[in-house]
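Colleague: Hi! Could you walk me through this protein while I look at it?

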Amino acid sequence: LDFLRCRHFELVPGGVLFLIMAAQPGQDGVPHSPKHINHLALLQTAWDSLISEGLLDAKSRDAFNLPLYTPRKEELVQAVEASQA
């Protein structure tokens with residue numbers, strides 16, 4: 001909710017915010033997207049490529065912190081609706 005509240009103050013009137021995020025299936029267990037993309041596997045592939053090309057060392061990769069939270073659709077809808085109040 002804090003993230004959305006902060007973005008609200010950054011937007012100009014009539015502006016649009018696009019969010020791309022991983023999320024869990026809804027309470028019904030049905031995924032929201034017809035394709036499941038393992039975002040973490042894609043990230044690992046990118047890390048591996050950077051290391052194999054000598055653009056990054058493994059120590060730097062290992063020190064990287066990626067806080068991750070994947071809300072359910074209902075949680076996201078609730079947060080967006082609460083941010084509009």
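This is a predicted model: local features need pLDDT of at least 70, side-chain atom pairs count only at pLDDT 80 or more; totals for chains, interfaces and linings use all residues.

Colleague: What is the mean pLDDT of the protein?
Modeller: The mean is 75, and 68% of the residues reach 70 or more. pLDDT is the predictor's confidence in each residue, from 0 to 100.

Colleague: Which elements have the lowest and highest mean pLDDT?
Modeller: Helix 1 has the lowest, at 76, and helix 3 has the highest, at 89.

Colleague: How much of the protein counts as buried?
Modeller: Of its 85 residues, 6% do. Buried means under 20% relative accessible area, exposed over 50%, and partly exposed in between (1.4 Å probe, protein chains only).

Colleague: And what share of the contacts is between residues 24 or more positions apart?
Modeller: They make up 56% of the contacts with a separation of 6 or more, where contact means heavy atoms within 4.5 Å.

Colleague: Where is C6?
Modeller: C6 sits in helix 1, which covers residues 2–10. C6 counts as partly exposed because its relative accessibility is 40%. In sequence, C6 and S83 are 77 residues apart, yet their C-alpha atoms are 9.6 Å apart in space.

Colleague: Changing topic, which residue forms a salt bridge with D62?
Modeller: R61 does, with the closest N and O atoms 2.9 Å apart. A salt bridge is a side-chain nitrogen of Lys or Arg within 4 Å of a carboxyl oxygen of Asp or Glu, and by this rule the count is one.

Colleague: Why does D62 count as exposed?
Modeller: Because its relative accessibility is 55%. R61 is partly exposed, at 23%.

Colleague: Last one: where is L66?
Modeller: L66 lies in the loop between helix 3 (58–63) and helix 4 (73–83). L66 counts as partly exposed because its relative accessibility is 43%.

Technical notes: Residues are numbered from 1 along each chain as its sequence is written. Side-chain values use heavy atoms; hydrogens and water are left out. Helices (H or I, at least four residues) and strands (E, at least two) are DSSP runs, numbered from the N terminus.
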